[in-house]
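Here's a quick briefing to read with the model open beside you. Take it one topic at a time and look for each residue as it comes up.

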Amino acid sequence: MEGLSWGRVCLSVLCVVLLSRPAAAIRFVIDREECFSHNVEYEGDTVHVSFVVIKAETPWHYSEEGVDLVVKDPNGAQVRDSRDKTSDKFEFIVQKRGVHRFCFTNKSPYHETIDFDVHVGHFSYFEQHAKDEHFAPLLEQIAKLDEALYNIQFEQHWLEAQTDRQAILNENMSRRAVHKALFESAALIAASVIQVYLLRRLFERKLGSSRV
């Protein structure tokens, strides 16, 4: 019974720790450059990163130029980068614990809205106080399940951002198509009116000269 109670304590502590794992997801507007900091407490952790350029400040602007993202460790050394991407998803292993910086650079003359997500995957080893040898694999399976759930949530967030971007692009393209059709119709009507006016003037001149 004593071993079982200690096992329950270990399970409770593990669940609390797993539920408080670090993650961050934000949506922001960038002009030229924007940096964010995220603290990683353990070396060897896996950092999952994703971003999607959702939209520009004007619906008439559409470009595949993308943005740059540079990741730097606590010493300022570059550990990963992504260049000229409208969306990207990658991961890296932390070599030095501490505050990592994620800096975006926008090369477009327009403000861009970016969806940015960071998730740190970490598995903590807990010393087994319980005598029951079955708790070790159970804790390991719980940790693996927790990591799998976080990965699913991370992937789902990235896909939702991609869906938002595509919906905005489709809406802007439809709006541009309607405006283009209206402009072409107006131009065609104007050209027809001008042609009718010129033909009437031509006939009036001919009638006037024939009467003379």
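Leaving aside residues up to four places away in sequence, Phe104 touches Phe28, Ile30, Arg32, Glu33, Glu34, Phe36, Phe51, Val67, Asp68, Leu69, Ile114 and Phe116. Keep in mind that you're looking at a predicted model. Now let's see what sits around that residue, and then the rest of the chain.

**The cores**

- Phe104 belongs to the largest nonpolar core, which has 20 residues.
- Which residues have the most contacts inside this core? They are Val47, Phe102, Phe104 and Phe116.
- Seen by element, two or more core residues come from each of strand E1 (23-30), strand E2 (33-40), strand E3 (46-56), strand E4 (67-72), strand E6 (87-93), strand E7 (98-106) and strand E8 (112-121).
- Another core, of 5 residues, lies apart from that one, and its members include Val52, Trp158, Ala161 and Ile168.
- As background, nonpolar side chains in soluble globular proteins tend to be buried together.

**The chain as a whole**

- How many helices and strands are there in the chain? You can find 2 helices and 8 strands.
- Starting at the N terminus, the elements go α-β-β-β-β-β-β-β-β-α.
- The chain has 212 residues, and 33% of them count as buried.
- Take the contacts between residues at least 6 apart in sequence: 79% of them join residues at least 24 apart.

**The four-stranded open sheet**

- In what order do the 4 strands of the open sheet come? The order is E2-E7-E4-E5, with antiparallel pairing.
- E2 and strand E5 (78-85) are the edge strands, so called because each pairs on one side only.
- From one strand to the next, the twist averages 15°.
- A handy general point is that strands of a sheet pair through backbone hydrogen bonds, either parallel or antiparallel.

**Strand E4 and its two partners**

- E4 is mostly covered, with 5 of its 6 residues buried.
- On the E7 side, E4 runs antiparallel to its partner and is joined to it by 6 bridges.
- Two spots to look for there: Val67 stands opposite Asn106 in E7, and Val70 has Cys103 as its bridge partner in E7.
- E4 also runs antiparallel to E5, this time with 5 bridges.
- Along that pairing, Leu69 stands opposite Ser82 in E5.
- E4 and E5 make a hairpin with 5 residues between the strands, where Gly76 takes a positive phi near 90°.

**Strand E3 and its two partners**

- Why is E3 described as largely enclosed by the rest of the structure? It's because 10 of the 11 residues of E3 are buried.
- E3 pairs with E6 over 7 bridges in the antiparallel sense, and Val47 stands opposite Phe92 in E6.
- E3 is also joined to E8 by 10 bridges, again running antiparallel.
- In that pairing, Val52 stands opposite Asp115 in E8.
- Val47 and Val52 turn up among the core residues too: Val47 is in the largest core, while Val52 is in the 5-residue one.

- Let's start with His100, which is found in strand E7.
- Is His100 buried or exposed? Its relative accessibility is 2%, and the cut-off for buried is under 20%, so His100 counts as buried.
- The side chain of His100 reaches the backbone oxygen of Gly98 at 3.1 Å.
- Setting aside residues up to four places away in sequence, His100 touches Phe36, Ser37, His38, Val40, Lys72, Asp73, Pro74, Phe92 and Val94.
- Next up is Arg83, which lies in strand E5.
- Arg83 has a relative accessible area of 42%, so it counts as partly exposed.
- Its side chain makes a polar contact with the side chain of Asp81 at 3.0 Å.
- Not counting residues up to four places away in sequence, Arg83 touches Val67, Asp68, Val70 and Gln78.
- Arg83 and Leu69 are 14 residues apart along the chain, and their C-alpha atoms are separated by 6.5 Å.

Technical notes: Residues numbered from 1 in each chain as written. Predicted model: local features only at pLDDT ≥ 70, side-chain atom pairs only at ≥ 80, totals over all residues. Heavy atoms only, no water. Core = buried A, V, L, I, M, F, W, Y, C linked by side-chain atoms within 4.5 Å. Buried < 20%, exposed > 50% of the residue type's maximum accessible area, 1.4 Å probe, protein only. Contact = heavy atoms within 4.5 Å. Axes fitted to C-alpha atoms, helices over the stretch in contact; angles between N-to-C directions. Polar contact = N/O pair within 3.5 Å; in protein donor to acceptor, adjacent residues only side chain to side chain.
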